Amino acid sequence: MPGSRWDSLSGALNFCVTFLCVFILLEQMPNRSLGADELVPAPVDISYTTAAERCAHTQTLPTDVSSYLQYASRCLGENAPEMQMLDGDVLVMFHRLNEVRVEQGLAPVVWHPGAAEVARLHGIDMLRRDYFSHQSLEGLRNDDRLRRLRRNEIFGYAGENLAWYRDGWPETYNPGLLQEQLELSPRHFDVMINADYSHAGAAIVRHGNTYVGVQVFLSAEGYLDENWPSRIFPGLTFDLPTELNGRPVGGWILERKNGEMLARGRTNRVIVPEVDGEGLVRLVVLVQASRSHFLMLNGPVSDLATHAP
């Protein structure tokens, strides 16, 4: 018997239509979370001879950032022949999203190619590994994906809406369906009209008769002048911009994923210190909001090595 349910994260809402199944999820992440518990490296199976076959049968994502970036480029980009990217439907979704914001007296969000990339890759991963969640099977959330994939991005907050649909018979999908369902959920609607978000990207991915829609929102604060390295080591220096989004850069922090501070500076030159142990480290950029107040903004995450290669 076809039907529908809304995940508990999305509030109590039921909507049933014959031959229609829709699921949606919402996530809104603060700028302090790092996420990503200990991950398990992806096993290598030599029985699959082509890259597409290896990608289709990968069950765990790589642990380290460098390998994750290679996996994303190889397996979650254009090399997903079994998936269909519905870019035209995304245009319909995004246009309607901004109509909703304008109707609420808000400025439209600006299309963000990086957020769209993060949305597309998560949609492919959910369909390929058969799950539906803001959190990947290894614990990565939308802000973790932004920090890994966007090597020059500085942002404040990030949020995410998810919608899932599987066709019945006869076919009932239409380009505006997933957006319509998100608007019916008060919590998802609240994310779309959150005034803190300035940018957004979206993707709709189809695999067979299953459709996944992903909306990624963020308060974009600016870009680094060059990509932050995916691997850092003691002695490495990196110059931050002098300002971001019109605010002076007042320093930086390097943190482990558990919040342990490794180093801090009060200039725009980052110097990686001598450290014990390896692991994931994120860059936090301090920007001056007033004479006595600094904002802590999210930068990329990297692998930390104890010595230079």
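**A disulfide, a helix face and a buried glutamate**

Cys 55 and Cys 75 are both buried in this predicted model.

Q: What makes Cys 55 and Cys 75 a disulfide?
A: Their sulfur atoms sit 2.0 Å apart, and the cut-off is within 2.5 Å, so the pair counts as a disulfide. The structure holds 1 disulfide.

Q: Why is the disulfide of Cys 55 and Cys 75 called left-handed?
A: Look at the torsion about the S-S bond: it is about -70 degrees, so the bridge is left-handed.

Q: What does the pair of Cys 55 and Cys 75 tie together?
A: Cys 55 belongs to helix 1 (residues 51–56) and Cys 75 to helix 2, so the link joins parts that are 20 residues apart in sequence.

Q: How do you know that the buried residues of helix 2 are on the same side?
A: Helix 2 (residues 65–75) has Val 65, Tyr 68, Tyr 71, Ala 72 and Cys 75 as its buried residues. These cover an arc of only 120 degrees around the axis, which puts them on the same side of helix 2. As a rule, an α-helix has 3.6 residues a turn, so residues three or four places apart point the same way.

Q: Which residues are exposed on the other side of helix 2?
A: That's Gln 70 and Ser 73.

Q: Where is Glu 138 found, and what makes its link to Arg 129 a polar contact?
A: Glu 138 is in the loop between helix 4 (113–129) and helix 5 (142–149). Its side chain and that of Arg 129 are joined at 2.6 Å; the cut-off is within 3.5 Å, so this counts as a polar contact.

Note on methods. Residues are numbered from 1 along each chain as its sequence is written. This is a predicted model: local features need pLDDT of at least 70, side-chain atom pairs count only at pLDDT 80 or more; totals for chains, interfaces and linings use all residues. Side-chain values use heavy atoms; hydrogens and water are left out. Buried means under 20% relative accessible area, exposed over 50%, partly exposed in between (1.4 Å probe, protein chains only). Helices (H or I, at least four residues) and strands (E, at least two) are DSSP runs, numbered from the N terminus. The arc is that of the directions from the helix axis to the C-beta atoms. A polar contact is a pair of N or O atoms within 3.5 Å; within protein, one must be able to donate a hydrogen and the other to accept it, and residues adjacent in sequence count only if both atoms are side-chain atoms.
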